[in-house]
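Good morning. Please look at the structure on the screen while I go through a few parts of it.

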Amino acid sequence: MPSVKTLSILLLVFPCAIAADDLGPFGIGSCHTNNRSMQDNARWVPQMKAIGLRYYRTPQTSWSAVELSEGQWKWSTLDQQMSYLTEQGFDFGGILIGNPAWNTRDARGNLPINNLPAWSAYVSAVIGHCKHKVKRWEVWNEPPNFTGKDQTPADYAKIVVSAYRAAKAADPDCLIGLAAKSAHVNYLEQVIKAGAKDHFDFITLHPYEVLNGVADNVGTEPLFMQIVPTVRKMLAAQNPVKANVPIIFTELGCDLNKGADTQAHALVKAYTMSIAQGVACIQWFEGRDGDSGPLGLLDNQGTPRPAYTALAQMIRHMGQHPDYVGWVLLNDKHPGFVFQGEKTTVLVAWGRKMPSADEVSFDETVPIIDPLTGDNVQSDHHSLTTAPIFVLDVPANLLRQALANRKRAASVGRRFF
């Protein structure tokens, strides 16, 4: 067990006390067909609640869902869905998106830049209606995706500014999110320079492509670990007062076609490295298979996959608000990340791709958890592969290394692999 002195130092540097209503890292999202209504959610949300998930991306708040024709509002479906998610214990955000068929000023599939008054009216109405129920609002889904082929960052900036002003008038306490596909930091920069500067409170990204490299074990962990630092560097240059806004991965997932175990391994690595670099919430895409391919923690019949068990094990051992202690390199080559969990310290580690497993020794016998099964083995060594493990009650020497390495976080990308 770590010494009392070591644990005391960690608790002083990284206090665990976090308000229960703060946004936490363990989130979940859904495709359209599993998120149109309360009835859709009821097919799979209880299984998410059962493993301790508490943060849900968004109920159905799109423009066409709530304003059926200009000035004709329908709130019953959304109200039922919000009530259901609240009953299930979820904190949820919202998304401002859509270009309804009755808006004839803009082509379908385009940002509604030719009818900004109607767009602003929608934003004002939906945020006013959801006041005290929804605090965080994304503007659009992963632009430049789902925008017109000739539409530019300046066009997206227009709807961001319009949404921000209408939203703050309707609910001064709400938070507005600037979005981009993948980890498209250059697009965010262009949007800010085109007019969105100061008109956002958080940023959302969907770094599927970077995670794909991690899942395929091609050594892109350093690239993944640079997502947040790169965003912050850009913000410091382009919008300094927003340099430290929260960053949320409102979608991130791994295709089952890579293999069920690979999907689970990718999930563990994604949450681990995201929390380590300060991502406020990771909303895995998705809870149950729907209209976007086999990406779910559950298949289309509701049967859990190994990724479901892996996420359950993460939440069980790390708690809702794990504190990042720092990183280590096992055998001077394999990445490991240390956290102060709810009850004990947790090392999440995996091996670089090698011809065979690499034996890693610990200073003492420790509990070693297989996240895909929950199996617990007591041992002072482990044959490390690309499959991640959890080591509980982290030995004091590794805690000290992790704490020292955190101060050199900028070198992580150069040292890994």
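Is Asn 141 buried or exposed? Asn 141 is buried, because its relative accessible area is 12%; buried means under 20%, exposed over 50% and partly exposed in between, with a 1.4 Å probe and protein chains only.

Before I go on, this is a predicted model, where local features need pLDDT of at least 70, side-chain atom pairs count only at pLDDT 80 or more, and totals for chains, interfaces and linings use all residues. Residues are numbered from 1 along each chain as its sequence is written, and side-chain values use heavy atoms, leaving out hydrogens and water.

Back to Asn 141, which sits in the loop between β7 (136-139) and α7 (153-170). Helices and strands here are DSSP runs numbered from the N terminus: H or I with at least four residues for helices, E with at least two for strands. The side chains of Asn 141 and Arg 57 are joined by a polar contact of 2.8 Å. A polar contact is a pair of N or O atoms within 3.5 Å; within protein, one must be able to donate a hydrogen and the other to accept it, and residues adjacent in sequence count only if both atoms are side-chain atoms. Apart from neighbours within four places in sequence, Asn 141 is in contact (heavy atoms within 4.5 Å) with Arg 57, Ile 95, Ile 97, Phe 146, His 206 and Glu 251.

Next, the helices. Helix α12 (residues 260-276) packs against helix α9 (residues 208-215) at an angle of about 120°, and their axes are 9 Å apart. Axes are lines fitted to C-alpha atoms, for helices over the stretch in contact, and angles run from 0 to 180 degrees between N-to-C directions. α9 and α12 are therefore oblique to each other. Angles under 35 degrees count as roughly parallel, over 145 as roughly antiparallel, 65 to 115 as roughly perpendicular, and the rest as oblique. On the α9 side the contact is made by Leu 211, Val 214 and Ala 215, and on the α12 side by Thr 262, Ala 266, Lys 269, Ala 270 and Met 273.

How do α12 and helix α13 (residues 306-318) pack, and at what angle? The angle is about 30°, with the axes of α12 and α13 8 Å apart, so α12 and α13 are roughly parallel to each other.

Last, Leu 399 lies in helix α14 (residues 396-406). Leu 399 counts as buried, at 1% relative accessibility. Its C-alpha atom is separated by 9.9 Å from that of Gln 340, 59 residues apart along the chain.
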